[in-house]
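Here is a friendly tour of one model, written to be read beside the structure. It goes through the cores, a helix and the pockets in turn.

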Amino acid sequence: MLRSILAVLAGLVVAWITVSLFEFSSMHAFPPPHGVDVRDPHQVAALVSRMPLGALALVLAGWVVGALDGGLVAALIAKRRVPAVVVGALVALGALAMVMMVPHPLWMSIAGVFLPVPAALLGAWLVRGRNAAG
């Protein structure tokens, strides 16, 4: 049980780092206009509505890749698939919270909520050869 909890925590740390790197890359590749306060939800909502497709795709990719590598790490540590699913579900909940706080395009909202769990399962599947109990 403790191993699974630690696996989920480690997977979440890896997922958080990945999501942060992708979001940073998006902000670097597509910087917001000068004077936009990214801590103000109203300004962020206005910014998201004007963001180019590439910037939005990078953020979505961060959610998906974060779930994938977080799930992979969780499965490696736990030697089971369930912690990877938990990581994927928590990433999906994080994406859901984000799209509820700041309106995002519908396609991004749907993909951000529904892709992290399959991505985390893919991460677990990638380590199945290393772990006897897949």
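## The nonpolar cores

The largest nonpolar core has 15 residues, and those touching the most other members are Val 48, Met 51, Leu 56, Leu 60, Trp 63 and Met 108. A nonpolar core here is a set of buried Ala, Val, Leu, Ile, Met, Phe, Trp, Tyr and Cys residues joined through side-chain atoms within 4.5 Å; buried means under 20% relative accessible area, exposed over 50%, and partly exposed in between, with a 1.4 Å probe and protein chains only. Two or more residues of this core come from each of α2, α3, α4 and α5 (106-114), and α3 gives the most, with 5 residues. Helices are DSSP runs (H or I, at least four residues), numbered from the N terminus.

If you click on Leu 56, look for its contacts (heavy atoms within 4.5 Å). Leaving out residues up to four places away in sequence, Leu 56 touches Val 48, Met 51, Pro 105, Trp 107 and Met 108. A second, separate core holds 9 residues, including Ala 7, Ala 15, Ala 67 and Ala 74.

## About the model

This is a predicted model, where local features need pLDDT of at least 70 and side-chain atom pairs count only at pLDDT 80 or more, while totals for chains, interfaces and linings use all residues. Numbering runs from 1 along each chain as its sequence is written, and side-chain values use heavy atoms, with hydrogens and water left out.

## Helix α1

The end C-alpha atoms of α1 are 40 Å apart, which agrees with the 40 Å that its 28 residues should span at 1.5 Å a residue; the expected span is 1.5 Å times one less than the number of residues. Buried in α1 are Ser 4, Ala 7, Val 8, Gly 11, Ala 15, Thr 18, Val 19 and Ser 26. Their cover includes α3 and α4.

## The pockets

The largest pocket holds about 390 Å³ of space. Its lining has 16 residues, with Glu 23, Met 27, Val 44, Val 59 and Met 98 nearest the centre. α1 gives the most to this lining, with 4 residues. A pocket is an open set of points on a 1 Å grid over the protein atoms alone, where a 1.4 Å probe fits, with protein on both sides within 12 Å along at least five of seven lines; lining residues have an atom within 4 Å of a point. Volume is the space filled by probe spheres set on the points, which are joined across faces, edges and corners.

The second largest pocket holds about 250 Å³, and α1 supplies the largest share of its lining, 6 residues. Among the lining residues are Leu 12, Trp 16, Glu 23, Trp 63 and Met 98.
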